[in-house]
Amino acid sequence: MKDETKEALNNAKDALKKVGEHLKEEIKDKANELKGQAQEISAKLVAELRKKTDAGIMECKNALKECKGNMEEAMEYLRKKGLSKAAKKADRIAAEGVIALRVSDDFKKATLIEVNSETDFVAKNSDFLDLVENVLDLAFRRALNTTESLNELTINNEKFEDYLKQKISIIGENIVIRRVSTITCKDNQVINGYLHHNKKVGAISVVSYKDSNNLSKLQEFTKLISMHVASMKPKFLSYKELDKDLVAKERVAIAAELEKENEELARLKKPLNRIPEYVSRSELTESVLKAKEDELKAKLKEEGKPEKIWDKIIPGQIDRFILDNTILDQRLTLLAQLYALDDKKTIAQVVSEKSKEINDEIAIVSFVNFELGEGIEKKVDNFAEEVAAQMK
C-alpha cells in the first residue's frame, strides 16, 4: 500500500512539474507578446509626442516612461524640462494658397480670408486667384465670419458649393475655403489691414477714438498696427485676458526654456539669460511694485545719490523691471509687445504717444491675424516605423 501511495505521489509530482513547465512557457510567450505590443504602442506614442512637441525621439520616449504613457503629462514634462519646441513648427506647415484682404473705402469694414490649395504652383494659377477674388467679394458684401455660411449663398447664379466643385474640377486640386473674418466698425472706430506681399500673412485691426476729426489721421496708424500684428502674431490684446493657470504653467516652462538656453550660452562664454521671478503684468501687484521701488530707493541711498533726483531715476528702473518680468505678455499680448517698427517702445506706449500727438484718447479695440496654413502639418510617411527603428 505504501508503494502504491509513493507511486501516486511521484506521479502527482511529475504531473505538477509538467503543468508548471507548461505554465512557464505560456507566461514566457505571453510576456513576449505583451512586450511586442508595448514596443508598438510606445513607438506610436513617441511619434505622436514628437509630432506635438518637436522634441528628440529619446527625450519623448523618456518623458512617456516618466509619465506612464500619459500624453498630456508627457507634453508638460518636456515643457518643464525646456525640451519642447512645439511653437517652432513652421517647417511642418504644408498648406499652400493665399490670404486675401479687403478694406472699405471709408475704413469702417474689412474682411480677411484664407483659401488653401495643395501646391504653391496652383496658388498662382489665374483660375485659383479668380476664385479667391470672388470668395473675398462675397464674404465682404455679406459680412461673413464662417466658412459654413458660404454654402448657403449663391455665386454667379449657382450654389456656392457647386461653384467650388466646378473650380476644383478645372484647377485639378482640392481647394479649401479655410477661414473667413469680417469686422464692421461701431461709431468712433476705424479699421484697416495689412497683407504681406507674399500673401501668406495678413491682419486687420480696429482702433477707437473720441474726436471724429481724427478719423483720417488714424487710418495709416491702424494699418501700421495691423502690420505689427501680422508680423508678431499676438494671441490676446492684453495681460488682462490671460488665465491664471496659463500664467502659472508658462512661468515654469519659460524658466526651463531660459535655463536650457543658458547651457549653450555658458558653453559659448556669452552672458546668461536672467531667470525672471514673474512673467506677466498680472503678477506684478501693487505690493510687488512697491517693494521693488523701496529696494531701488535703498540702493540709490546706499550709492549716495541725492534724494532730489530719485524721481528722475526710479520710474525708468521700474519700467525696466516690468519689461524684464513680462516675458509671457510680450509673447502673447499685443499691448505688451515691442513695436515692430521701433523696438524701444511697446505697443501700449506707441498708442499713448499717438493719443498725445493728435490730442485724443485712442485705444486698440480688437484684431485678427491669419497665417497661411497655421496649424496644418505635413504628412510624415512611416513615421512610427522611423521611431521604432531608432528605439531599437
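Here is a short chat about a predicted model.

Colleague: What should I know before I start?
Modeller: It's a predicted model, where local features need pLDDT of at least 70 and side-chain atom pairs count only at pLDDT 80 or more, while totals for chains, interfaces and linings use all residues. Residues are numbered from 1 along each chain as its sequence is written, and side-chain values use heavy atoms, with hydrogens and water left out.

Colleague: OK, how many helices and strands are in the chain?
Modeller: There are 13 helices and 10 strands. Those are DSSP runs, numbered from the N terminus: helices are H or I with at least four residues, strands are E with at least two.

Colleague: And how much of the chain counts as buried?
Modeller: 38% of the 392 residues. Buried means under 20% relative accessible area, exposed over 50%, and partly exposed in between (1.4 Å probe, protein chains only).

Colleague: Cys67 and Cys185, buried or exposed?
Modeller: Cys67 is buried at a relative accessible area of 12%, and Cys185 is buried at 13%.

Colleague: How many disulfides, then?
Modeller: The structure has 0, a disulfide being a pair of cysteine sulfur atoms within 2.5 Å.

Colleague: Switching topic: which residues of helix 3 meet helix 8?
Modeller: Glu76, Arg79 and Lys80 do, and on the helix 8 side they meet Lys249, Glu250, Val252, Ala253 and Ala256. Contact here means heavy atoms within 4.5 Å.
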